Structures are given as C-alpha cells and as structure tokens.
Amino acid sequence: TQSTWDVVRVTLQQKQSQPNTDTSRAEALLQRNKVFMELLSALISTLKLPDPEVQDLSCNILFILVQLYGGASEDDSITQETNLKTLAQVLPNLDLKKQRILVRFFKRVLTSNPVHVARLRENDGGLVNVINKLATTQHSDVTVGSVAQDILKLINQ
C-alpha cells in the first residue's frame, strides 16, 4: 500500500502534466487523515521533553501535518496561548535543525490561515520576542534567520 504522502504527491505530479487527473482518492485520504491535526497540541508539548529523538519526531510530524493541511486545525489549537508559550520556551534551546523545521512550520501555519496571525497578535506567549531574536541574531544557519524575518513581516502587516 502507498502512504498518504505518496498518493498525494503522485496525484499532484500527475495533475501538473494531465489537468484532468482524478484527485478523488488523494482528497479522500487527506480528509480521512485530517483527524491527526488534533494531535498538534500534544506534539508541541512533547518538544519540552529532554529526549532529542522525541523532539526530532515531533518536529518532523508537525512539519508534515502543516504541509498537508496548512493551519486548518478544527479548533485553531496551533495558536493557543499554551502552545505559543511552549514554542517560545523550547525554540531558543533546540539545535539548528529543529529550529529550522519549527520556524518553517510556524511560517506555514501563519501563511495558510490568517486567523493564526490575528491570534498571535492578540497573545503571543512570548513567541514574537523569540522569533525577533532569531531574526536579528547572527545565526550559523541563514535559513532560521531568514524565515524568522519572514514571520515578523507576516505579523507586522
């Protein structure tokens, strides 16, 4: 059996070359698996655990979910104050690879649903300060600083 990711990827590739491609199977898989978006808060909370393997898995799963579904969580849990505080606490202390994944994750959340930008402006849990530091600090990883700057532009629009 093909994974959801494989089915969606192949369907999108076929759709580019053949506009009449049937997308119903990919759409049904995405709809059926959308329930995993309910795990966002749990995954974000696992970032506080000291185990780097758990943090790696959580970062990767968060990124994949937001790539597949954008910021379309049913309850907008991504930008709940507790999640924003958790991200603000852990982001500065993670290694560059995890920081890179999480800033991309968060940028995707904000660009996919303007509700999240508004909620972040209302109560950021300290996350905007952390992102500002990532954007202005000399980073050994250019991507983290650049994506952090993009996030700030989204927030300040």
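Which residues of H8 are buried? I shall begin with that helix and then turn to its partners. The model is predicted: local features need pLDDT of at least 70, side-chain atom pairs count only at pLDDT 80 or more, and totals for chains, interfaces and linings use all residues. Residues are numbered from 1 along each chain as its sequence is written, and side-chain values use heavy atoms, with hydrogens and water left out.

In H8, the buried residues are Leu127, Val128, Val130, Ile131, Leu134 and Ala135. Here buried means under 20% relative accessible area, exposed over 50%, and partly exposed in between, with a 1.4 Å probe and protein chains only. Helices are DSSP runs of H or I with at least four residues, numbered from the N terminus. Viewed down the axis of H8, its buried residues fall within an arc of 160°, so they line one face of the helix. The arc is that of the directions from the helix axis to the C-beta atoms. Asn129, Lys133 and Thr136 are exposed on the other side of H8. The buried residues of H8 pack against H5, H6, H7 and H9, where contact means heavy atoms within 4.5 Å.

Let me move to H7. Its buried residues are His116, Val117 and Leu120. Seen down the axis of H7, these fall within an arc of 105°, so they line one face of the helix. Pro114 and Glu122 are exposed, on the face of H7 turned away from its buried side. The buried residues of H7 pack against helix H5 (81-90), H6, helix H8 (127-136) and helix H9 (142-156).

How do these helices cross? Two packed helices are described by the angle between their axes and the distance between the axes. Axes are lines fitted to C-alpha atoms, for helices over the stretch in contact, and angles run from 0 to 180 degrees between N-to-C directions. Helix H6 (residues 96-112) and helix H7 (residues 114-122) pack at an angle of about 110°, their axes being 5 Å apart. That makes H6 roughly perpendicular to H7; angles under 35 degrees count as roughly parallel, over 145 as roughly antiparallel, 65 to 115 as roughly perpendicular and the rest as oblique. From H6, Phe106, Val109, Leu110 and Ser112 meet Pro114, His116, Val117 and Leu120 in H7. By class, this contact has six nonpolar, two polar and no charged residues. Ala, Val, Leu, Ile, Met, Phe, Trp, Tyr, Cys and Pro count as nonpolar, Asp, Glu, Lys and Arg as charged, and the others, Gly among them, as polar.

H7 and H9 pack at about 85°, with axes 9 Å apart, and are therefore roughly perpendicular to each other. Val117, Leu120 and Arg121 of H7 make the contact with Leu154, Ile155 and Asn156 of H9.

Next, the core. The largest nonpolar core has 39 residues, and those with the most contacts inside it are Leu102, Phe106 and Leu127. Such a core is a set of buried Ala, Val, Leu, Ile, Met, Phe, Trp, Tyr and Cys residues joined through side-chain atoms within 4.5 Å. Two or more residues come from each of helix H3 (40-46), helix H4 (52-69), H5, H6, H7, H8 and H9. Not counting residues up to four places away in sequence, Leu102 touches Leu47, Cys59, Leu62, Leu87, Leu91 and Leu94.

Finally, Ser58 lies in helix H4. Ser58 is buried, with a relative accessible area of 4%.
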